[in-house]
Every structure is written in structure tokens, then in C-alpha cells.
Amino acid sequence: MKRATLIRTVLILGIVLLLEILCLTGRIDKLTMQPPHKMALDLFRMLSSGSLNGAIFKTLANAAIALVLALVGGVASAVVLYRLKLLRDTLDPLFAAYYAIPVFAFYPLLIIIFGLGDAPQILMAFMLAVVAVIVNTLNGLDRVPRVLLKTARVNRMGPLETAWKIMLPSAAPYVMTGAKLAVAYALIGIIGAEFIMSRGGMGYEISFAYTNFDNATMYPLILLILAVSIGVNMALAHWEKRLMQRRGQG
């Protein structure tokens, strides 16, 4: 086990152990939070019973759709912006300030336009995730070796072929960084939208449980969200590391 992984594992276990001690000794009362081991048991029972499988599937499916849209749209937009320098120079300051905008303020407008279905939630998550993909993909495209672009011109490759076969493979590690951020933003967008106004999904169930002091439902769902986010990000990080190693950069 590498040193960074060991430190990360010890830190996480230390936080869990601290919460366990605080809950068991009564420093954190049961009404506020149950011990971590109880959360894990409640999550196991919840998944075994299948009582919230529909809500879980709905949230994860919508987050996956938003993530795919953000990756495809973000990468395509980055390639276009890389070619159009003037447009990129115009939008760069907006990208830098984008996450200062309260995106959830547009949720009522999206509901008016698209109704109370899943579309507003997916669009909200897409809006949060796509800029992270665009910015990181642009960073990767800026670092494509000039010799590769010259090789593409020598071989008379068109813009699309150059982007597909030369630029994007070279920028892949940076695209993966954007994908890792997009995973978190997609989940935040979907769950936040469900929390505000929805008739189903994990965000709705968390909100309902919070209102009714149902810790046996709320904390296991939060734990599941953390587990999914960490698991997907670890898989992407491993893929990113392999890409960097293939380039002799890791």
C-alpha cells in the first residue's frame, strides 16, 4: 500500500472511529445521529428489503444521464472552443466565475419549461457538471505536444480526425480529471433538485426523512451516495493513473 493511500485510509478510519465514540458515549445524541456501524447496518437492511430501490435507481440513472451528457457536450464544446480562439477568450472569464452563480435558482424556470418530470433535474445536474469537463479538457488540449499536431498536418488529417485521433487521446488524463469532478457535480445537481422539489429519488427520501427525524433512512442514504461517489471516482482515478503511466508521466 502506498503512503498516500495509507494516510488516506487511516484518516477516514480515524474520523469514523471518532464519530463512533462520540455517538456511543452520548456526546452526539441518538436523535441527531446514530453510530456509523448502525448506519451501515441500516443501509444493508434497506438494500436487502428493496424498499427504496426505485428511488435509488431513479437518482443514479438520472445522474448517469447527466454525466454522459456533460462528458459528451463538454468535450465537444472544448474542441470547438480550442479552435475558436476569440470565442474562448470571451468565455474564459465566465468559466472562471461560473460556480459563483446559484444554478439552483434556475430550477423553478426549468420546471415551468419542462414540467415536474426528470428533465429539469437532469438539466440542472448537466449545468453543474459540463463546465468542469470543458475547463479540464481545454487544459489538456493546451498541453498537446506541437509535434503531434504537425504530424497530423503532414498526414493531411482534417480537424475532426485530428481531434479524435490526436488531440483527445493526448488530453485524455485531463478529460478524466474533468470526469471525476463531473461525477460529484452530477450527483449534487440531481440530489439537490430532488431535495428542493421532487416526487421521488434519493434526494426526496433524504428530505422526507430529515423532516420526520428518520435517521435510519437519512444517514444510510447519505452513506450510499458517498460510497457511490467515492467508488466511481476511485475507478476513474485508477484509469487516469494508467493513462499517465502510459505517457511516462506517473
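This is a predicted model: local features need pLDDT of at least 70, side-chain atom pairs count only at pLDDT 80 or more; totals for chains, interfaces and linings use all residues.
What does the side chain of Glu-194 join in a polar contact? Its partner is the side chain of Thr-59, and the polar contact between the two spans 2.9 Å. When neighbours within four places in sequence are left aside, Glu-194 is in contact with Lys-58, Thr-59 and Gln-121, and also with Gly-200, Gly-201, Met-202, Gly-203 and Tyr-204.

Helix α9 also holds Val-183, which, at 6% relative accessibility, is likewise under the 20% cut-off and so counts as buried. Not counting residues up to four places away in sequence, Val-183 touches Leu-67, Val-232, Asn-233 and Leu-236. From Val-183 to Val-131 there are 52 residues in sequence, while the C-alpha atoms of these two residues are 12 Å apart in space.

From single buried residues we can turn to groups of them. In soluble globular proteins, nonpolar side chains tend to be buried together. In this model, the largest nonpolar core has 44 residues, and the members that touch the most others are Tyr-82, Ile-134, Leu-138, Leu-141 and Met-167. At least two residues of this core are supplied by each of the helices α3, α5 (107–114), α6 (119–142), α8 (159–170), α9 and α11 (215–246), and the largest share, eleven residues, comes from α6. Another core lies apart from the largest one and has 17 residues, including Met-33, Met-202, Ala-209 and Met-218.

The last step concerns how two helices meet. Two packed helices are described by the angle between their axes and the distance between the axes. For helix α3 (residues 53–83) and helix α4 (residues 85–97), the axes come within 6 Å and cross at roughly 125 degrees, which means that α3 is oblique to α4. Which residues make the contact? On the side of α3 they are Leu-81, Tyr-82 and Arg-83, and on the side of α4 they are Lys-85, Leu-87, Arg-88, Leu-91 and Phe-95.

Conventions: Residues are numbered from 1 along each chain as its sequence is written. Side-chain values use heavy atoms; hydrogens and water are left out. Axes are lines fitted to C-alpha atoms, for helices over the stretch in contact, and angles run from 0 to 180 degrees between N-to-C directions. Helices (H or I, at least four residues) and strands (E, at least two) are DSSP runs, numbered from the N terminus. Angles under 35 degrees count as roughly parallel, over 145 as roughly antiparallel, 65 to 115 as roughly perpendicular and the rest as oblique. Contact means heavy atoms within 4.5 Å. A polar contact is a pair of N or O atoms within 3.5 Å; within protein, one must be able to donate a hydrogen and the other to accept it, and residues adjacent in sequence count only if both atoms are side-chain atoms. A nonpolar core is a set of buried Ala, Val, Leu, Ile, Met, Phe, Trp, Tyr and Cys residues joined through side-chain atoms within 4.5 Å. Buried means under 20% relative accessible area, exposed over 50%, partly exposed in between (1.4 Å probe, protein chains only).
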